[in-house]
Amino acid sequence: MSEVAEKVQEQEVDLTGANQVIDKYLDMHGALMPVLQEIQEVYGYIPEPTVHLVAERLNVYTSQIYGVLTFYAQFHLEPRGKYIVRVCMGTACHVKGAGRIADTLKERLGIGHAETTEDLKFTAEYVACIGACGMAPVIMVNDATYGSLSVQKMDDVIQKYMKMD
Ligand code: FES
């Protein structure tokens, strides 16, 4: 577990949101997936105490829940940043300098692939082609795409998000 995750998990998790999600699905069969999806919407990830809560209230084994959580890439067991910075490492981006873009991100924010800043503002992810090869090298910050990046442009993008709440 990362340092950020450990720090967050040391704090007590307020289970009110998870309980409200479970309440909605209590009498439904096959509710595990939607319950986990909604819990992730509430917390931004699946905190460990919510796994035990779901197990107890839906009467399923924790091993079954972890099986689902680890099978589907959409679930995250560690806290993630408010801004997810996806750096494309596909062939076109690689050729046009994706490595330099990833290095710039690491220099400015101190995070590499699958890492999150301590203030929970940014998470970096290196991903395969995101379908914008004509604009290589490309990153996405949440749903926004930034292409034809130079180190300077990458810096500008990062600065912009650093100034945002
Ligand atoms: S390789 Fe980066 S968008 Fe396709």
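Where is N59 found? N59 sits in the loop between α4 and α5, and the views below place that loop among the other elements of this predicted model. Local features need pLDDT of at least 70, side-chain atom pairs count only at pLDDT 80 or more, and totals for chains, interfaces and linings use all residues. Residues are numbered from 1 along each chain as its sequence is written, and side-chain values use heavy atoms, with hydrogens and water left out.

**View 1. The whole chain holds eight helices and five strands.** Helices (H or I, at least four residues) and strands (E, at least two) are DSSP runs, numbered from the N terminus. Along the sequence the pattern reads α-α-α-α-α-β-α-α-β-β-β-β-α. The C-alpha trace spans about 55 × 30 × 25 Å along its principal axes. Of the 165 residues, 43% are buried. Buried means under 20% relative accessible area, exposed over 50%, and partly exposed in between (1.4 Å probe, protein chains only). Among contacts with a separation of 6 or more, 61% come from residues 24 or more positions apart; a contact means heavy atoms within 4.5 Å.

**View 2. The chain is assigned domain 1 (3-71) and domain 2 (83-163).** These bounds come from an automatic or database domain assignment. The C-alpha centres of domain 1 and domain 2 are 30 Å apart. H29 lies in the loop between α2 (16-25) and α3. H29 is exposed, because its relative accessibility is 82%.

**View 3. Helix α5 (residues 62-71) buries I65, V68 and L69.** Seen down the axis of α5, these buried residues fall within an arc of 95 degrees, so they line one face of the helix. The arc is that of the directions from the helix axis to the C-beta atoms. An α-helix has 3.6 residues a turn, so residues three or four places apart point the same way. The cover over the buried residues of α5 includes α3 (32-43) and α4 (48-58). Exposed residues S63, T70 and F71 are on the face turned away from the buried side.

**View 4. K24 is a residue of helix α2.** K24 counts as exposed because its relative accessible area is 52%. The C-alpha atoms of K24 and V35 are 8.7 Å apart, and the two residues are 11 apart along the chain.

**View 5. Five strands make an open, mixed sheet in the order β2-β3-β1-β4-β5.** β2 (115-116) and β5 (144-146) stand at the edges with a single partner strand each, so one side of each has no neighbour in the sheet. Helix α7 (residues 98-109) packs on the sheet and touches β1 (83-88), β2, β3 (122-127) and β4. The direction of α7 makes about 150 degrees with that of β1. Axes are lines fitted to C-alpha atoms, for helices over the stretch in contact, and angles run from 0 to 180 degrees between N-to-C directions.

**View 6. Strand β1 is mostly covered, with five of its six residues buried.** β1 and β3 run parallel and are joined by six bridges. Two strands pair if DSSP finds at least two bridges between them. I84 stands opposite T123 in β3. β1 and β4 run antiparallel, with three bridges. Here V85 faces V141 in β4. Strand β4 (residues 139-141) also pairs with β5, antiparallel over three bridges. I139 has Y146 of β5 as its bridge partner.

View 7. Most residues other than glycine have a negative phi, and most peptide bonds are trans. N59 is not a glycine, yet has a positive phi of about 60 degrees. N59 is exposed, at 70% relative accessible area. A114 is not a glycine either, and its positive phi is about 65 degrees. A114 lies in the loop between α7 and β2 and is exposed at 53% relative accessibility. A136 and P137 are joined by a cis peptide bond, with omega about -5 degrees. P137 belongs to the loop between β3 and β4.

**View 8. The structure holds zero disulfides.** A disulfide is counted as a pair of cysteine sulfur atoms within 2.5 Å. C93 is buried, at 3% relative accessible area. C129 is partly exposed, at 47% relative accessibility.
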